[in-house]
Amino acid sequence: MELAMIGLGKMGGNMARRLMGGGHTVVAWARKPEAVNALVTEGAVGAESLEDVVKKLSAPRVAWVMVPSGGPTESTVERLAGLLEEGDTVVDGGNSNYHDTVRRGAMLAERGINYVDVGTSGGVWGLAEGYSMMVGGEAGAVEGLKPALETLAPAADRGWGHVGPSGSGHFVKMVHNGIEYGMMQAYAEGFALMRRKEEFGLDLHQISEIWRDGSVVRSWLLDLTARALSEGADLEGLAPYVQDSGEGRWTVVEAIELGVAVPVITTALEQRFSSREADNYANKLLNAMRNQFGGHELQRKA
């Protein structure tokens, strides 16, 4: 199969490599020429612009977009809409908001261009392990992408599936990431609790390894936790600051709009916000209130 990979960051570049390893022809383009050149040395066909990408693809064309969500994806899809022809396909493999995906899908449909959203999980391990892909879009367009999807997945019949119409792939990926927030928070809290029980002298890396086999809490996320702890349970040099990609926020907003209780995901998101407050005003006020009503000693900075 022939297709273009637009955006050659860590995931986009590795997806292109996995596709080429599976015998597919990849036309590569990114804003940074060095990223394109690196893939060309590995067998990709380099392109100098989006216009050049379209020229180098045979109809019906497939343009797989792996650029940051929001403005970059919006502008890339708009440009492709003016370059591609009826019957061509745009794949959005980034973490777009599903509302944007539905809108873009409708816009491209008016031009006869397919829009397929592929919510993709796998991160830096996807090249070797394969990617989990949640695919939304028209059935015929998804069927046309099947050779590439089977190559990118852990196996042809595992780790990917057509979940519904346009937007559904990104919706499912959004919920996937919300669940991920909750799982990460639970692991982090459990290990923090064990670390505080100093009199037992618990080896946190040992415990993570024990749990990896036979335990009901075993998971790939636990495997990665064990890997991190093997480098030192004290996590020296790491800041207690946790970023979020935005999908946890979208999950919570969606839950509010649908009236679905998601307390674990919501709390995990709020904990990430809390981690960024070096000077937490709310906690200062709680300190002051305890002094006011109970005469508790004020805790002051050292």
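Both lysine 173 and glutamate 247 are buried, where buried means under 20% relative accessible area, exposed over 50% and partly exposed in between, with a 1.4 Å probe and protein chains only. This is a predicted model, in which local features need pLDDT of at least 70 and side-chain atom pairs count only at pLDDT 80 or more, while totals for chains, interfaces and linings use all residues. Residues are numbered from 1 along each chain as its sequence is written, and side-chain values use heavy atoms, with hydrogens and water left out.

**Salt bridges**

- Lysine 173 forms a salt bridge with glutamate 247, their closest N and O atoms being 3.7 Å apart; a salt bridge is a side-chain nitrogen of Lys or Arg within 4 Å of a carboxyl oxygen of Asp or Glu.
- This pair links distant parts of the chain, with lysine 173 in helix H9 (residues 168-196) and glutamate 247 in helix H12 (residues 247-258), 74 residues apart; helices are DSSP runs (H or I, at least four residues), numbered from the N terminus.
- The side chains of arginine 212 and aspartate 223 also meet in a salt bridge, at 2.8 Å from N to O.
- Arginine 212 is partly exposed at 31% relative accessibility, and aspartate 223 is partly exposed as well, with a relative accessible area of 25%.

**A network**

- Glu74, Asp92, Asp100, Arg103 and Arg104 are linked in a network of salt bridges.

Note on methods:
Helices (H or I, at least four residues) and strands (E, at least two) are DSSP runs, numbered from the N terminus.
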